[in-house]
Amino acid sequence: MSQTVIRFTERTSVRNLKTHTEEIPEPAKHEVLIKVHAVALNYRDIAVATSQYPFPVKENVVPCSDAAGIVVTVGEGVKGLAPGDKVIGTFDPTNTYGPQEDWLNGLGGPVDGVLGEYITIPGAAAVKVPQESEQSFAEWSTLVVTGVTAWNALYGNVPLRPGQVVLALGTGGVSITGLLLAKAAGAIPIITSSSDTKLAAVQSKYGFDHTVNYKTHPTWSKEVLRLTGGQGADCVLENGGSGPIAESLNSNRMGGNVSVIGFLAQAKEMPDVVGMALGKGAVVRGVTVGSTQLLREVVRFVAAKGIRLPVDREFGFSLEGVMEGLESMASGGHVGKVCIRVVE
């Protein structure tokens, strides 16, 4: 039997994609075959499409790493999974526990990703989600990278505690998901944006405690300190990169935690991060997605708390639909996540 798969023809634009008719793969002894229902997009997919991804990428790669679907067939060596189970799979199927060892096995880059009707992954990398839940397949798919990254930032090193303050930069998927997780755990969320409209929307929809417009407040760390009675944030989800790192450290509480996640904004002149980290006694840690263990943890937490995950836009599984989804992602106009519906 055959399926439709979408691949890059070359990596100079998000529009260099082509549909292919390929055989549905047979799962090996320790693999499962999954019928894909939804795929979540990430900024990494834009970087792969435009040759900006700094790690190896397979020629004519199938893009995307985040899929949710239903198990169709189970290899004879797989335990704990059965046909009909709803699952999502780890970004790097080889990373079952502990830190990322390299970038050579991430789906949708060095190896083929999930933008097709069927995929096979190791059974050990497939995480069951509740059979009956309010969350859609699109919502569950967002946990693969965005959810695990946020969970890793909050719990992978210095665990978040109730009553602490979490600051997230921007209104993208990691920021909103991270603050939803933090709020559900009893923390106080603060979110930033350059748009009052976006800030009003996320505060109204998600109930975040505080918002900061970094255009209105160019030295926005002062506003964060004001909102926290001069103490600062216990945990900062730093999605910008070297551009806002100084303000993130200035916003941080003494002995706090800054999780470096993104690289969207580059500094014209790099601040003295070492001196600032020493002055704050801060933990500055790069967060590189996370393991299957972390994925299991965040799925369990989201299910237990009934958290609705922030899917902002969905596009159909067609060549034009995928291109439009990637363009929407690249435009930065979304609030939360952009997804592809593979099964209507």
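Q: What makes helix α8 a helix that lies across β12 and β13?
A: Helix α8 (residues 273-280) lies across both strands in this predicted model and runs at about 135 degrees to β12. Contact here means heavy atoms within 4.5 Å. The angle is taken between N-to-C directions, from 0 to 180 degrees, with axes as lines fitted to C-alpha atoms, for helices over the stretch in contact. Helices (H or I, at least four residues) and strands (E, at least two) are DSSP runs, numbered from the N terminus.

Q: How do you know that β12 and β13 pair?
A: Two strands pair if DSSP finds at least two bridges between them. Strand β12 (residues 252-260) and β13 have four bridges, in the parallel sense, and V260 has G286 in β13 as its bridge partner.

Q: Why are β10 and β13 said to stand at the edges?
A: The open sheet has six parallel strands in the order β10-β9-β8-β11-β12-β13. β10 (210-213) and β13 (283-286) each have a single partner strand, so one side of each is left without a neighbour in the sheet. Neighbouring strands of this sheet are turned by 20 degrees against each other on average, direction ignored.

Q: What makes the crossover from β9 to β10 right-handed?
A: Strand β9 (residues 188-193) and β10 pair in the parallel sense over four bridges, one of them joining S193 and N213. The chain passes from β9 through helix α5 (residues 196-206) to β10 in a right-handed β-α-β crossover. The term applies if, with the strands pointing away from the viewer, the path from the first strand over the helix to the second runs clockwise.

Q: How do you know that the length of α4 agrees with its number of residues?
A: The expected span is 1.5 Å times one less than the number of residues. For the 12 residues of α4 (residues 173-184) this gives 16 Å, and the end C-alpha atoms are 16 Å apart, which agrees.

Q: Why is C64 called buried?
A: Buried means under 20% relative accessible area, exposed over 50%, and partly exposed in between (1.4 Å probe, protein chains only). C64 has 1% relative accessibility and therefore counts as buried. C64 also has a positive phi of about 80 degrees although it is not a glycine.

Q: What makes V289 buried?
A: The relative accessible area of V289 is 9%, so V289 is buried. V289 is placed in the loop between β13 and α9 (292-305).

Q: How are residues numbered, and which pLDDT is needed?
A: Residues are numbered from 1 along each chain as its sequence is written, and side-chain values use heavy atoms, with hydrogens and water left out. In this predicted model, local features need pLDDT of at least 70 and side-chain atom pairs count only at pLDDT 80 or more, while totals for chains, interfaces and linings use all residues.
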